[in-house]
Amino acid sequence: MRARDLLHPRPEGLYCPPGDFFIDPVRPVARALITHGHSDHARAGHGAVLATGQTLDIMSLRYGQDFAGSTQQAAMGETIRLNGVDVTFHPAGHVLGSAQICVEKDGTRIVASGDYKRQPDSTCLPFEPIRCDVFITEATFGLPVFRHPSDNDEIARLIRSTRQFPERAHLVGAYALGKAQRVVRLIRDAGYDRPIFIHGALAKLCDYYREQGVDLGDLRPATVEDSAKGDFAGAIVVGPPAAFADRWARRFPDPLSCFASGWMRIRQRAKQGGVELPLIISDHSDWDELTRTIVETGAREIWVTHGREEALVRWCELNGIAARALHLVGYEDEGD
Ligand SMILES: [Zn+2]
């Protein structure tokens with residue numbers, strides 16, 4: 001079977017005609033397979049949803065229990081047959097519950113990786129390279145200039161700063177699903193055992209990570225109303241990036257703005273966002289991770305979904321691997 005008859009792009013998202021399902025559709029469809037819980041991949045309103053148990057839980061936390069007509073849980077590695085197409089989920093190392101989806105029929109195997117990274121992250125299962133004919137990859141950081149530093153080194157800079165400026169509250173912007181919990185876990189791994197304060201928007205997901213066995217230590221609500229300003233002197237406060245743009249943030253003592261994102265590699269972005277301490281911590285693959293993964297899958301063809309497709313397609317061609325950009329729309333690569 002030709003790969004493009006097994007899976008091809010449609011306005012709704014990647015579609016599998018023989019299986020009659022979509023992967024991460026951006027519009028409501030009858031049957032959706034979902035790689036992970038980020039809102040640009042996991043949307044409410046589908047008829048039937050197949051995803052890992054953790055992704056289903058996360059969707060239900062974010063959208064309410066009736067987010068889909070029906071749901072089915074896929075265990076990692078379990079083969080599920082849909083209209084004669086074999087589907088298996090494998091860890092993607094992106095956020096809790098994140099999976100690559102392997103689609104196979106008549107000896108043709110395609111892996112749709114969703115978002116993924118290769119850097120170690122103790123808050124989710126590590127990425128597993130799957131041998132396949134076609135590997136579908138994102139390219140959020142698909143330029144050679146993107147090389148993520150060690151996340152431990154970035155967190156060490158944050159902790160050093162809290163010692164250097166013990167009177168200032170350190171406000172760390174981090175996306176609510178995945179990044180926030182990873183940042184807290186990294187701070188704990190660095191030996192920091194003081195309370196960490198979190199914005200209310202993170203509470204539900206942090207609780208869920210804890211239920212799933214990710215130890216986040218002493219977390220407290222960052223409510224300024226019932227505490228003295230001084231309580232937050234030298235404290236680490238984690239919240240969604242948007243919260244730090246509003247009045248909430250200005251209530252903290254002499255706040256020092258930090259932002260944990262792969263985009264902090266670009267100095268201009270940090271400056272424009274008024275970020276004093278940029279922390280380059282990404283849940284996406286950098287250039288080296290992307291190219292290494294492509295080689296490890298052994299795929300003879302690469303399809304690039306979104307991000308900086310051109311450079312990665314060019315790299316594949318130079319290395320004798322066929323490649324094309326799918327130009328999928330609806331996936332924003334800002335959320336890292
Ligand atoms: Zn994602």
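Q: In this predicted model, how many of the residues of strand E11 are buried?
A: Six of the six residues of E11 are buried, so the strand is largely enclosed by the rest of the structure.

Q: Which residues lie on each side of E11?
A: Val134, Ile136 and Glu138 are on one side, while Phe135, Thr137 and Ala139 are on the other. Both faces are covered, and these residues are all buried.

Q: Which strands pair with E11, and in what sense, parallel or antiparallel?
A: E10 is joined to E11 by three bridges, and the two run parallel. In that pairing, Ile110 has Val134 of E11 as its bridge partner. E11 also pairs with E18 in the parallel sense, over five bridges. There, Ala139 stands opposite Gly307 of E18.

Q: What covers the buried residues of helix H9?
A: The covering elements include E11, helix H8 (287-297), strand E18 (301-307) and strand E19 (322-325).

Q: Which residues of H9 are buried, then?
A: In H9, which spans residues 309-318, the buried residues are Glu309, Leu312, Val313, Trp315 and Cys316. Seen down the helix axis, they fall within an arc of 160 degrees, so they line one face of H9.

Q: And what is on the face of H9 turned away from its buried side?
A: That face carries the exposed residues Glu310 and Leu318. Just after H9 comes Gly320, which takes a positive phi of about 75 degrees.

Q: Changing topic: what coordinates the zinc ion?
A: The zinc ion is coordinated by His36 through NE2, His38 through ND1, His94 through NE2 and Asp115 through OD, at 2.2 to 2.3 Å. Along the chain, these donors follow the spacing H-x1-H-x55-H-x20-D.

Q: Where in the chain are His36 and Asp115?
A: His36 is in the loop between strand E4 (31-33) and strand E5 (46-51), and Asp115 is in the loop between strand E10 (108-112) and strand E11 (134-139). The two are 79 residues apart, and the pair links distant parts of the chain.

Q: Are they buried or exposed?
A: His36 is buried, with a relative accessible area of 1%. Asp115 is buried as well, with a relative accessible area of 4%.

Q: Why is the arrangement around the zinc ion irregular?
A: The four donor atoms subtend angles of 90 to 164 degrees, which makes the arrangement irregular. A tetrahedral site would need all angles to lie between 85 and 135 degrees.

Q: What about the largest nonpolar core; which residues touch the most other members?
A: Of the 34 residues in that core, Leu158, Val172, Ile187 and Val238 touch the most other members. Elements that each supply at least two residues include helix H3 (151-164), helix H4 (179-189), helix H5 (203-211) and strand E15 (236-239). H4 gives the most, with five residues.

Q: What is Val238 in contact with?
A: Leaving aside neighbours within four places in sequence, the contacts of Val238 include Val172, Ala180, Val184, Phe197 and Phe244. There is also a second, separate core of 27 residues, which includes Leu6, Leu7, Ala99 and Tyr331.

Q: Back to H5: which of its residues are buried?
A: Leu205, Cys206, Tyr208 and Tyr209 are buried. They cover an arc of only 160 degrees around the axis, which puts them on the same side of H5. The face turned away from that side carries the exposed residues Lys204 and Glu211.

Q: What is Cys206 in contact with?
A: Apart from neighbours within four places in sequence, Cys206 is in contact with Gln181, Ile198, Leu216 and Leu219. Cys206 counts as buried, at 1% relative accessibility.

Q: Last topic: how do strands E1 and E2 pair?
A: E1 (residues 8-10) and E2 (residues 13-16) pair in the antiparallel sense over three bridges. They form a hairpin with two residues between them, and Arg10 has Gly13 of E2 as its bridge partner.

Q: What do E2 and E3 form?
A: E2 and E3 form a hairpin with four residues between them. Asp20 in the turn has a positive phi of about 55 degrees. In this pairing, the bridge partner of Cys16 is Phe21 of E3.

Methods:
Residues are numbered from 1 along each chain as its sequence is written. This is a predicted model: local features need pLDDT of at least 70, side-chain atom pairs count only at pLDDT 80 or more; totals for chains, interfaces and linings use all residues. Side-chain values use heavy atoms; hydrogens and water are left out. A nonpolar core is a set of buried Ala, Val, Leu, Ile, Met, Phe, Trp, Tyr and Cys residues joined through side-chain atoms within 4.5 Å. Buried means under 20% relative accessible area, exposed over 50%, partly exposed in between (1.4 Å probe, protein chains only). Contact means heavy atoms within 4.5 Å. Donors are N, O and S atoms within 2.8 Å of the metal (3.2 Å for Na, K and Ca); water is not among the atoms, so sites may look incomplete. Four donors count as tetrahedral if all angles lie between 85 and 135 degrees; four count as square planar and six as octahedral if opposite donors are over 155 degrees apart and all others between 65 and 115; anything else is irregular. The arc is that of the directions from the helix axis to the C-beta atoms. Two strands pair if DSSP finds at least two bridges between them.
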